[in-house]
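Here's a quick briefing to read alongside the model.

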Amino acid sequence: EAWRRPCLRPREVSTPLSFKHGLIEWFGIAASSFVGRHFSFPPDLAVGLPSASPSPAQTPQLQEENSTVWCRLAAAVAAAAPPPMPPSMHTTTGTDTHEEGIVDSTSSRTVERPSKRKRSVVEDAATKAMQHAYLARIGLTEEQASVVLRGPSVESLRQIYLAHIVAVPFENMGQHEHKVGDTVPSCAIAPPTLNLHETLTKIVLKRRGGFCWELNFAFAWLLQSLGYQMRMGNAFVHTPVGPTPGHLCIFVEDLDPRGTLLVDPGFGDQPREPVPVSTKDGMEPVHDGMIGDAYKITKTDAFGPRWTLQLERRRAKATGTMLHDLFGQPPPPPEPVPFTPIYLFNDNDDLHFECEEFKEGLAFVLHKDSLFSQKRFAVKNTPDGHIVQSADYVKWVVHGVETKREELLTEDAYRASLVENFGINL
């Protein structure tokens with residue numbers, strides 16, 4: 001009943017009561033009324049709650065405080081019931097190809113059987129709390145979040161996508177052991193998994209980053225929980241030694257008149273705009289509004305029937321790329337820069353979270369000989385470039401040109417840079 005009060009609806013916040021405080025009150029009512037002894041908020045949850053501003057012009061400090069409050073709230077609710085996967089994300093078993101989540105060898109498409117189990121009140125509360133914690137995590141104000149929560153739109157998709165790729169770093173710190181320093185403790189390996197709940201906890205509640213599987217799994221959950229029609233597909237990345245496994249991408253449907261959109265927050269050097277999955281004549285390349293790179297989709301039959309399309313990019317600038325720093329790929333040729341293939345995919349894919357191809361891709365990335373296993377790195381996008389931290393340095397790149405570099409000669413300096421530049425606290 002509390003959720004029906006106008007002052008507590010996310011789409012109609014018009015009273016002086018902060019929506020955040022109202023939702024906290026609603027969770028308290030739901031907790032005491034429905035789950036009783038199985039649920040309790042941390043005793044310090046209400047301590048130091050920041051006052052919410054109705055203006056989008058929130059300070060970074062206030063955004064950080066809001067995100068912290070939402071993360072604590074989501075952690076409390078999720079302690080009773082983790083946010084459930086949306087129906088089409090539930091893994092199923094069986095033998096019927098088109099109903100049971102088995103890859104169709106002719107179309108490479110997997111169709112999931114929706115779950116018919118009705119979610120409990122606590123699960124709904126956990127989902128709502130995680131949604132708000134996620135939107136706060138990527139820097140959306142309450143007013144912006146209330147618009148996103150109204151339902152899918154091209155504008156909202158673009159907003160949360162761009163916010164995500166700037167706020168959440170691409171990093172592989174969990175894949176490595178971190179030695180003790182003078183002021184920092186050692187940290188054991190905590191390898192990424194395909195477990196969605198662990199991924200959401202890491203990225204949203206612990207404010208960490210991740211690599212492709214974690215970032216795209218988390219973003220896929222957010223999209224589906226917000227009502228977007230999306231599916232996931234496998235991808236092989238073009239490298240100097242040929243296409244290699246270890247990536248996935250997200251398709252969003254029934255939203256844009258140009259057709260299906262490709263979004264990929266989990267690619268460390270990703271498109272900074274949703275890209276229409278279309279090879280029609282006359283389709284113009286997509287130009288991102290941050291650094292000016294252009295993207296297009298082209299057909300391919302050069303790598304067997306599994307892969308039908310590839311994403312291509314034309315750099316606005318030919319120097320300072322993230323892939324050169326992290327993986328030793330050669331820098332692009334001098335300007336003018338031609339379109340270059342990035343990765344292969346199949347737009348018919350509709351793969352579930354724990355499909356065999358994803359397990360094989362994750363195993364490839366976690367293998368001791370993988371480039372991801374060779375050294376620590378972190379990348380964080382900025383509106384006009386990126387920051388990259390590699391084995392022993394951190395550098396800033398603006399519009400393809402390196403503008404600053406700092407050496408990191410001790411573990412203490414390395415960890416301090418992670419905290420300061422990427423928000424990563426190991």
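Strands β12 (residues 393-398) and β13 (residues 401-407) pair in the antiparallel sense over 6 bridges. Pairing here takes at least two DSSP bridges between two strands; strands (E, at least two residues) and helices (H or I, at least four) are DSSP runs, numbered from the N terminus. This is a predicted model, where local features need pLDDT of at least 70 and side-chain atom pairs count only at pLDDT 80 or more, while totals for chains, interfaces and linings use all residues. Residues are numbered from 1 along each chain as its sequence is written, and side-chain values use heavy atoms, with hydrogens and water left out.

**Hairpin**
- Valine 398 sits opposite valine 401 of β13.
- With 2 residues between β12 and β13, the hairpin has histidine 399 at a positive phi near 50°.

**Cores**
- In the largest nonpolar core, 56 residues in all, Ile160, Trp213 and Leu223 touch the most other members.
- A core joins buried (under 20% relative accessible area, 1.4 Å probe, protein chains only) Ala, Val, Leu, Ile, Met, Phe, Trp, Tyr and Cys residues through side-chain atoms within 4.5 Å.
- Helix α7 (residues 212-225) gives the most to this core, 10 residues.
- Another core, of 15 residues, lies apart from it and includes Cys249 and Tyr295.

**Helix pair**
- The axes (lines fitted to C-alpha atoms over the stretch in contact, angles from 0 to 180 degrees between N-to-C directions) of α6 (residues 196-205) and α7 come within 9 Å and cross at roughly 95°.
- So α6 is roughly perpendicular (65 to 115 degrees) to α7.

Methods: Buried means under 20% relative accessible area, exposed over 50%, partly exposed in between (1.4 Å probe, protein chains only). Angles under 35 degrees count as roughly parallel, over 145 as roughly antiparallel, 65 to 115 as roughly perpendicular and the rest as oblique.
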